[in-house]
Amino acid sequence: LVTPEQRAVLDASYGRKDSAAEARVKEIFKAVGVDARYTAYEQDAYERINKLVDALPEVTNATGDATLKKEVFLTFLHKIYKRTK
């Protein structure tokens with residue numbers, strides 16, 4: 001997604017504990033639309049995972065208690081979806 005010049009800046013700046021280097025990386029990320037691309041990816045992944053969970057059968061044991069519950073997967077999914085940390 002980046003030009004050769006931007007790639008050189010990323011190679012020189014990424015992972016350094018320097019506020020100026022961090023600012024250069026963020027500027028390039030903004031220029032190539034990393035936030036928008038990630039948002040689209042996250043939404044698509046969320047929808048795909050929800051479909052997979054919906055397709056899971058809830059397995060029950062001999063007493064009729066569920067031993068595989070969809071809510072377990074959905075709880076974790078909702079904890080990480082659109083988190084900012």
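## Charges and the overall picture

How many positive and negative side chains does the protein chain have, and how far apart do the centres of the two sets lie? There are 15 positive side chains and 13 negative ones, with the two centres 3 Å apart. Keep in mind as you look around that this is a predicted model.

Now for the fold itself. The protein chain has 4 helices and 0 strands, and read from the N terminus the order is simply α-α-α-α. The chain is more spread out than a compact globule, because its radius of gyration is 20 Å, well over the 12 Å that the globule rule gives for 85 residues. You can see that in the C-alpha trace too, which spans about 65 × 25 × 15 Å along its principal axes.

## Surface and contacts

What share of the 85 residues counts as buried? The figure is 16%. The protein chain exposes about 7100 Å², and 57% of that comes from carbon and sulfur atoms.

As for who touches whom, take the contacts with a separation of 6 or more: residues 24 or more positions apart account for 36% of them.

## The start of the chain

Begin at Thr-3, which sits in the segment before H1. Thr-3 is partly exposed, at a relative accessible area of 35%. Towards the other end of the numbering there is Thr-84, 81 residues along from Thr-3, and the C-alpha atoms of these two are 28 Å apart.

Next up is Ser-13, which belongs to helix H1. Is Ser-13 buried or exposed? Ser-13 is buried, because its relative accessible area is 3%, and under 20% counts as buried. Its contacts, leaving aside neighbours within four places in sequence, are Ala-21, Arg-24 and Val-25.

Move on to Gly-15 and you are in the loop between helix H1 (4–13) and helix H2 (19–32). Gly-15 is exposed, with 66% relative accessible area.

## Ala-36 and its distances

Ala-36 has its place in helix H3, and at 55% relative accessibility Ala-36 counts as exposed. From Gly-15, Ala-36 is 21 residues away in sequence, and the C-alpha atoms are 22 Å apart. From Asp-18, the gap along the chain is 18 residues, while the C-alpha separation is 25 Å.

## Tyrosine pairs

How many aromatic pairs does a search of the whole structure find? The search turns up 3. One of them is Tyr-38 with Tyr-41, a tilted pair with 6.0 Å from centre to centre and 45° between the planes. Why are Tyr-38 and Tyr-41 separated by about one helical turn? It is because they are 3 residues apart in helix H3 (residues 34–55). Tyr-38 is partly exposed, at a relative accessible area of 47%.

The pair formed by Tyr-46 and Tyr-81 is stacked, with 3.8 Å between the centres and 20° between the planes. Tyr-46 lies in helix H3 and Tyr-81 in the segment after helix H4 (70–80), so this pair ties together parts that are 35 residues apart in sequence. Tyr-46 counts as buried, because its relative accessibility is 18% and the cut-off for buried is under 20%.

What is phi of Lys-82 near? Phi is near 60°, a positive value in a residue other than glycine. For background, most residues other than glycine have a negative phi.

Lys-82 counts as exposed, at 53% relative accessibility. Even so, Lys-82 touches Glu-42 and Gln-43, not counting residues up to four places away in sequence. With Glu-42, the separation in sequence is 40 residues, and the C-alpha atoms are 7.7 Å apart.

Tyr-46 and Tyr-81 form a stacked pair, and Lys-82 is in contact with Glu-42 and Gln-43. For a residue that is buried, go to Ser-13; for exposed ones, look at Gly-15 and Ala-36.

Technical notes:
Residues are numbered from 1 along each chain as its sequence is written. This is a predicted model: local features need pLDDT of at least 70, side-chain atom pairs count only at pLDDT 80 or more; totals for chains, interfaces and linings use all residues. Side-chain values use heavy atoms; hydrogens and water are left out. Helices (H or I, at least four residues) and strands (E, at least two) are DSSP runs, numbered from the N terminus. The radius of gyration is taken over C-alpha atoms; the globule rule is 2.2 Å times the number of residues to the power 0.38. Buried means under 20% relative accessible area, exposed over 50%, partly exposed in between (1.4 Å probe, protein chains only). Contact means heavy atoms within 4.5 Å. Accessible areas come from the Shrake-Rupley method with a 1.4 Å probe; for residues, only the protein chains shown count as cover. Lys and Arg count as positive and Asp and Glu as negative; His and the chain ends are not counted. The place of a charge is taken as NZ of Lys, CZ of Arg, CG of Asp or CD of Glu. Rings of Phe, Tyr and Trp (its six-membered ring) pair if their centres lie within 6.5 Å; planes under 30 degrees apart count as stacked, over 60 as edge-to-face and the rest as tilted.
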